[in-house]
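I am keeping these notes for someone who opens this structure without having seen it before. I looked up a few things in turn and wrote down what I found.

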Amino acid sequence: MEPDALLTLPESLDFYDLSQCVVPDDRPFTWSMSVESLDGYISFLEENAMSGKEVALGHLADVAGGQNDWWLLNVGWAMADAVLGIGSILRSEKDIKFVPMFEPMTQYRVSRGMSRHPINVIMSGSGDLNMLHPLLMDPDIHVIIITTPKGYTKIASIVGYDITQQSPSSSTTSPSPSPSLSSSDPSSSSSSSSSSSSSSSSSSSSSSSSSCSIPSSLLPPKISIEVVGDDQDNTLLD
């Protein structure tokens, strides 16, 4: 079912057309989606404000612009192999899932040989996550949590695992990189494609990582955790 919006799926795919971009075929690449008001704001920091959703007028059901924003954001998710978000999004948006919510987009993915949902990658330096969040508990969504050693300790304590009995594995294996990663803006996750143009950029990174040793029986379904960097690394957003 499509929202009461002004755009069709073919028009939306044209909006995200990358044919004029240099897209690498030998490594992953990323693009970002964000929403901006006409006067240049991407979020409101006032108490009880809904951040990017309000900027996109997503809280007004009868405003077509907000519906179009939500639709375009979902199309971006539908095109991605993985969607990157951060812990603060999960803490502020209790029901968010970085997966297309409209059946035509799911059918589009399946027709291209993709899984029904993109991988959801959550970065959290602190590990301060609600492990019962609907995104993490959904058995149909493959989730990868990227965190620091301190964050790993926090997650272990949340699920009731005593890491003094076993430290993270020294293995450096990690999930195979996905060809494309859609980055959800932490300040405007619920409606991050707007009349402002989406930017595409190529990125490549390498860092040592280790898989966590928390028993899978203590974690929600289809979740893996990668520990990267150290506790002094401030580049891993929370």
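**Ground rules.** I am reading a predicted model, in which local features need pLDDT of at least 70 and side-chain atom pairs count only at pLDDT 80 or more, while totals for chains, interfaces and linings use all residues. Residues are numbered from 1 along each chain as its sequence is written, and side-chain values use heavy atoms, with hydrogens and water left out.

**Overview.** I count 7 helices and 8 strands in the protein chain. Of its 238 residues, 43% are buried, where buried means under 20% relative accessible area, exposed over 50%, and partly exposed in between (1.4 Å probe, protein chains only). Among contacts (heavy atoms within 4.5 Å) with a separation of 6 or more, 75% join residues 24 or more positions apart.

**Confidence.** For pLDDT, the predictor's confidence in each residue from 0 to 100, I find a chain average of 75, with 67% of the residues at 70 or above.

**Helix α7.** Which residues of α7 are buried? In this helix, residues 149-159, I find Gly-151, Tyr-152, Ile-155, Ala-156 and Val-159. They lie on the same side of α7, because they cover an arc of only 140 degrees around the axis, taken from the directions from the helix axis to the C-beta atoms. I recalled the general rule that an α-helix has 3.6 residues a turn, so residues three or four places apart point the same way. The cover over these buried residues includes β4 (143-147) and β8 (223-228).

**Strand β2.** I traced 5 bridges from β2 to the parallel strand β3 (residues 119-124), with Ala-82 opposite Ile-119; two strands pair if DSSP finds at least two bridges between them. I also checked Trp-31, which sits in β1 (residues 29-33) and counts as buried at 6% relative accessibility.

**Aromatic rings.** I searched the whole structure and found 5 aromatic pairs; rings of Phe, Tyr and Trp (its six-membered ring) pair if their centres lie within 6.5 Å, and planes under 30 degrees apart count as stacked, over 60 as edge-to-face and the rest as tilted. Trp-70 and Trp-77 form an edge-to-face pair, because their centres are 5.9 Å apart and their planes stand at 90 degrees. Trp-70 is partly exposed at 24%, whereas Trp-77 is buried at 0%. Trp-71 and Phe-102 make a tilted pair, with centres 5.2 Å apart and planes at 50 degrees. Trp-71 lies in α3 (residues 64-79) and Phe-102 in the loop between α4 (87-92) and α5 (103-111), so this pair ties together parts that are 31 residues apart in sequence. Lastly, I noted that ring pairs link Trp-70, Trp-77 and Phe-98 into a cluster.

Methods. Helix = DSSP H or I, 4+ residues; strand = E, 2+ residues; numbered from the N terminus.
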